[in-house]
Amino acid sequence: MSPDDLTAFWITLKLATITTVVLIIIGTPLAWWLARTRHITRILIEPIVALPIVLPPTVLGFYFLIMFSPQNPVGELWLSLTGAPLAFTFSALVIGSVVYSLPFYVQPLQVAFEGLDQSLLDTAATLGANPIDRFFSLAVPLSKKGFIVAICLAFAHTVGEFGIVLMIGGNIPGETQVLSIALFDHVESLEFQSAHIIAGILLIFSFILLTFVYSLNRKWTIKTREA
Amino acid sequence: MDYIKASLDVERSDFHLNLELSIFKGEITGLYGPSGSGKSSLLRLIAGVKSQSPQDRVDISTNEEIWSSADHFIQTHLRSIAYVFQEAQLFPHLNVRGNLEYAIQRKRNKTDVDLNQVKQWLNIDGLLNKSTDDLSGGEKQRVCIARALLSGAQAMLMDEPLGALDHRARYRILPYIDQIHKRLDFPFLYVSHAIDELTYLTDKIHVMDKGRITESGSTLIMGPKLGIDSLDASAIITCDVDHYNEKYQLTCLNFESQKIYIAGNKSMGESLKLNIPARDVSIAKSLPQDSSILNILKGSVVAIHESKEGSSELVQVQVGNQTILSRITRLSIDKLNIEIGLAVYVQIKSVSLISEYGN
């Protein structure tokens, strides 16, 4: 692996980690809200969250690019706050990745939250637990599997993104060049040796992660069958 | 807390709850009714775990504070209420001790109840380190009751807590619940459609039907009345242990100065509660001389409860200060000319022991 590829590897890891952490912070309350609300706005929020599943990443990337430009309010605000434009930076990648991986984090978690036994939460309330306490002391541990699946999928999906990164990251080595793009570069320049290494790493990583996720589900099915 | 008062008018597509109910300390208030009569909804509204809509009228207050009114709502976790559901709601990610500690950590009031006492009252000492999966139905429910008591509650709501258990397990837990009531003097509402449970535990019974309270009265009167159409109508009596007859392996009990024999040596306790099914009790006008039945008691008829359907009626016979129920046919009643005030002998074919507290 060349030093540039190694840098791309670390950037990919950093991007996926930061994105996953941000998703845990904002995606968890969103999943909780979606799982429990009967509010009318849900019929709009739910498809918005799911959009990245069906949209070509380039479409999202295109709109982000426009949004990040200093001529637009978001880009302008960023420029005035940080003194540098937002587009083609690592921060831009994080914002794009968070939106792009949002459904992969929110949906498994929402399913887990929806499967919670309401009477257990009611019982906790009668034992003196306030709503936030009930969430952390009951909903979180009982949805442990949902959290693990959501975190794995969000992380893996961020590692695997390409189109949106290309649009808003600009392929700057050491700043925004991630593995999937480094791979594309190697293929473009007919460097198949390097391409093989990266492709192999990504393939094995994804396979191991998915095997882990599916093994969680299998354990769970066997347990319910016994019960 | 001295009392809880509820006045409700809640209408949904499938039911209409419209009633007033007061639960006072010092007694167990029973709530009886068929499933779908709104009993659980009532309890859930009192506890504040049922969602309310603006057009509902839900006035709930205690002598200390208002829990719910037109412009006021106190959330469940701030109401000092213990709630035991029909299905034992133990937290599956915690073991028994963890479940109890969950309540202790969130205790709302300084009460005298501590873990050591509750462990002893409900006989759960040996269960503390077990996983909730390893408990029997009855053990689960005892842990649920213990947990509810440890939360610093000032009132108790029980929604058919023994509904999921078999006959034997039910009779094993009833004395524990009775014991708790005796030790903790707070408002206590017990919901059940099992008349024997209500007869055993409660002092007062409200009958609910289609969201309304249709009848109320003391358990002494309401118990037999409700039992008429129930096949398992039974009397629950309290006896003192007299002695154990080793030769015949029978325990002789003293019941209102008369004798009752039960099988086996039950002489370890001082007083026992027995369940006598009405269908196992017959009536004679004179003392049967050559009967194989051991338990024959003298009493007088205080009430004849007519059943709406079927050929049998329920005769309530007073023996001392307690009553025994007998289900006999209308034909026998006419033949023997049974009427209120008549002195009769009741022959008891079977009794079952409701296990003593601690056993």
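In chain A of this predicted model, residues 24 or more positions apart account for 73% of the contacts with a separation of 6 or more. Chain A is built from 11 helices and 0 strands. The C-alpha trace spans about 65 × 45 × 25 Å along its principal axes. Of the 227 residues in chain A, 41% are buried.

A:Glu114 pairs with A:Arg42, and the closest N and O atoms are 3.6 Å apart. A:Glu114 sits in helix α5 (residues 90-114) of chain A and A:Arg42 in helix α2 (residues 42-54) of chain A, so the pair ties together parts that are 72 residues apart in sequence. A:Glu114 has 40% relative accessibility, so it counts as partly exposed. The pair belongs to a network of salt bridges that links A:Arg42, A:Glu46 and A:Glu114.

Further along, A:His186 is found in helix α10 (residues 179-188) of chain A. Is this residue, A:His186, buried or exposed? Its relative accessibility is 9%, so A:His186 counts as buried. Setting aside residues up to four places away in sequence, A:His186 touches A:Asp5, A:Glu191, A:Ser194, A:Ala195 and A:Ile198.

Now to the interface. Chain A contributes 19 residues to the contact, and chain B contributes 20 residues. Together the two chains bury about 1700 Å² between them. Carbon and sulfur atoms carry 64% of that area. Polar terms are present too. The count is 6 residue pairs in polar contact between chain A and chain B, both residues being at pLDDT 80 or more. The rule also finds 2 salt bridges across the interface. One of them joins the side chains of B:Arg44 and A:Asp122, at 3.5 Å from N to O.

Which helices of chain A supply at least two residues each to the side that touches chain B? They are α6 (118-126) and α7 (131-142). The residues on that side of chain A divide into 9 nonpolar, 6 polar and 4 charged.

How many of the 14 residues of α4(B) are buried? The number is 11, so the helix is largely enclosed by the rest of the structure. Among them are B:Gly138, B:Gln141, B:Arg142 and B:Arg147. B:Val143, B:Ile145, B:Leu149 and B:Leu150 are buried as well.

What do the buried residues of α4(B) pack against? On the chain A side, the partner is α6. Within chain B, the partners are β7 (82-84), α2 (96-105), α3 (115-122), β8 (156-159) and α5 (167-183). Just after the helix, B:Gly152 takes a positive phi of about 75°.

B:Cys144 lies in α4 of chain B. Its relative accessible area is 6%, so B:Cys144 is buried. Beyond its neighbours within four places in sequence, B:Cys144 is in contact with B:Val84, B:Ala88, B:Gln89 and B:Leu90. B:Ser131 is 13 residues from B:Cys144 in sequence, and their C-alpha atoms are 14 Å apart in space.

Salt bridges bring the tour to its end. Over all chains, a search of the whole structure finds 15. In chain B, B:Lys204 forms one with B:Glu27, with the closest N and O atoms 2.9 Å apart. This pair links distant parts of the chain, 177 residues apart. B:Lys204 is in strand β10 (residues 204-209), and B:Glu27 is in the loop between β2 (16-24) and β3 (28-32). B:Lys204 has 24% relative accessibility and so counts as partly exposed, whereas B:Glu27 is buried, with a relative accessible area of 16%.

The side chains of B:Lys119 and B:Asp125 meet in another salt bridge, at 3.7 Å from N to O. Here B:Lys119 counts as buried, at 14% relative accessibility. B:Asp125 counts as partly exposed, at 48%.

Key: Residues numbered from 1 in each chain as written. Chains lettered and ligands numbered in written order. Predicted model: local features only at pLDDT ≥ 70, side-chain atom pairs only at ≥ 80, totals over all residues. Heavy atoms only, no water. Contact = heavy atoms within 4.5 Å. Buried area = accessible area lost by both parts, 1.4 Å probe. Salt bridge = Lys/Arg side-chain N within 4 Å of Asp/Glu carboxyl O. Polar contact = N/O pair within 3.5 Å; in protein donor to acceptor, adjacent residues only side chain to side chain. Helix = DSSP H or I, 4+ residues; strand = E, 2+ residues; numbered from the N terminus. Nonpolar A, V, L, I, M, F, W, Y, C, P; charged D, E, K, R; others polar. Buried < 20%, exposed > 50% of the residue type's maximum accessible area, 1.4 Å probe, protein only.
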